[in-house]
Amino acid sequence: MTYDAVLWLSFGGPEGPDEVMPFLENVTRGRGVPPERLAEVAEHYQHFGGVSPINRLNREAIAAVEKELAARGMDLPVYFGNRNWHPMVEDTVARMAADGAKRALVFPTSAYGGYSACRQYDEDIARARASVGRGAPELRKLRQFFDHPLFIGAVADAVRVAHAELGGRARTVFTAHSVPLAADAAAGPPEEGGHRYSRQVAEAARLVAAELGIDSYDVVWQSRSGPPEVPWLEPDVVDHIDALHADGVPAVVVCPVGFVADHLEVIWDLDNEAADRAAELGMGFSRSATPNADPRFAELVVELVSEHTADVRARKLSQLPAAGSTVNGSPCAVRCCEPLKRPKAGKGAH
């Protein structure tokens, strides 16, 4: 099957102070989040001048992918669309249709399964195609890549650099975005038993640790946003740093294995809150880089594309499912990663 474009599909983020609240309103629309909670989250963005790094990092990664595609003689333009901020995916798919694209591959900026990490991108695709109507290109989403050797190698090398920065004994701690326990229990098709998201995160951490020869490490979570009465994946990374300090651990290397780029959650929750807590406790702290700037990340994206354009064999380092490659927003399987009911008023923002 031939394809004539690639759609880079991401979360989106504000690029100026005046964009912060409209962006957060897009993120939380329909969730009944109170204005005071939005104001609290907005302060995180205003701490950085109202600019999230995510759009810039996506554009840089797209440029690297375009260069890699050209180097391999693959004539595929790469379009950029977001779920929550400009360029909005609906506008991007309309532009693709106007440019004559008939069939495109979609790279979602998440390595994992689960509702937020996978199925919500299917919803984005279906919504964008519906907004365009007749003439919308067919859109096939690329698969999950949490255990791809290029992803694992890039993350492992970044952890190696972070350890070298501390120059001594440090505990390795892997983090990913927390989700409600109910959402993780629903991740994957029901017959698989759920928990696809947390199992894939744990497997990615195991593979990185094995690459580095690290026998003992921790997998923790960050960036929870719901009310305390709703259970989420734990422990939180800051709470875990407290526990490590109580156990006499002198230093910590934190690896955001659940993220492919420096989202605001990475630079706020890790580079500010977690780093500040470690400093208060007198612990050494280093955060490993996310992989999107590593040349292997562009190679990874192009290799995922090539699985569909050139029959390149899918490379995996584990036996866990790496699903997600569906057409026009259809789910991977019946009831796969079904979304939770929208929370009532008073629930937290993203």
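I take a residue as buried when its relative accessible area is under 20%. The structure I consulted is a predicted model.

**Entry 1: annotated positions**

I looked up the "binding site" feature in UniProt; the unreviewed entry lists Ser52 and Tyr121. Of this set, I found Tyr121 in the lining of the largest cavity.

**Entry 2: Tyr121**

I located Tyr121 in helix H5, which spans residues 115–132. Its relative accessible area is 5%, so I recorded Tyr121 as buried. Setting aside neighbours within four places in sequence, I listed the contacts of Tyr121 as Leu9, Ser10, Arg83, Pro108, Thr109, Ser110, Ser116 and Lys141.

**Entry 3: Ser52**

I placed Ser52 in the loop between helix H2 (35–46) and helix H3 (54–71). Ser52 counts as buried because its relative accessibility is 5%. Residues up to four places away in sequence excluded, I noted that Ser52 touches Gly13, Pro14, Tyr45 and Leu264.

**Entry 4: the sheet**

I then traced an open sheet of 4 strands, paired in parallel in the order E6-E5-E7-E8. Strands E6 (218–222) and E8 (284–287) form its edges, each pairing on one side only. Direction ignored, neighbouring strands are turned by 30 degrees against each other on average.

I examined the pairing of strand E7 (residues 251–255) with E8 and found it parallel over 4 bridges. Within this pairing, Val253 has Ser286 of E8 as its bridge partner.

**Entry 5: helices on the sheet**

I followed helix H6 (residues 149–166) across strand E5 (171–177), E7 and E8; H6 runs at about 160 degrees to E7. Helix H9 (residues 237–246) also packs on the sheet, where I found it touching E5, E6, E7 and E8. The direction of H9 makes about 140 degrees with that of E6.

Terms used:
Residues numbered from 1 in each chain as written. Predicted model: local features only at pLDDT ≥ 70, side-chain atom pairs only at ≥ 80, totals over all residues. Heavy atoms only, no water. UniProt positions renumbered as here; feature names shortened; annotations may be inferred. 1 Å grid on protein atoms, 1.4 Å probe; cavity = no way out; pocket = protein on both sides within 12 Å on 5 of 7 lines; lining within 4 Å. Helix = DSSP H or I, 4+ residues; strand = E, 2+ residues; numbered from the N terminus. Buried < 20%, exposed > 50% of the residue type's maximum accessible area, 1.4 Å probe, protein only. Contact = heavy atoms within 4.5 Å. Pairing = 2+ DSSP bridges. Axes fitted to C-alpha atoms, helices over the stretch in contact; angles between N-to-C directions.
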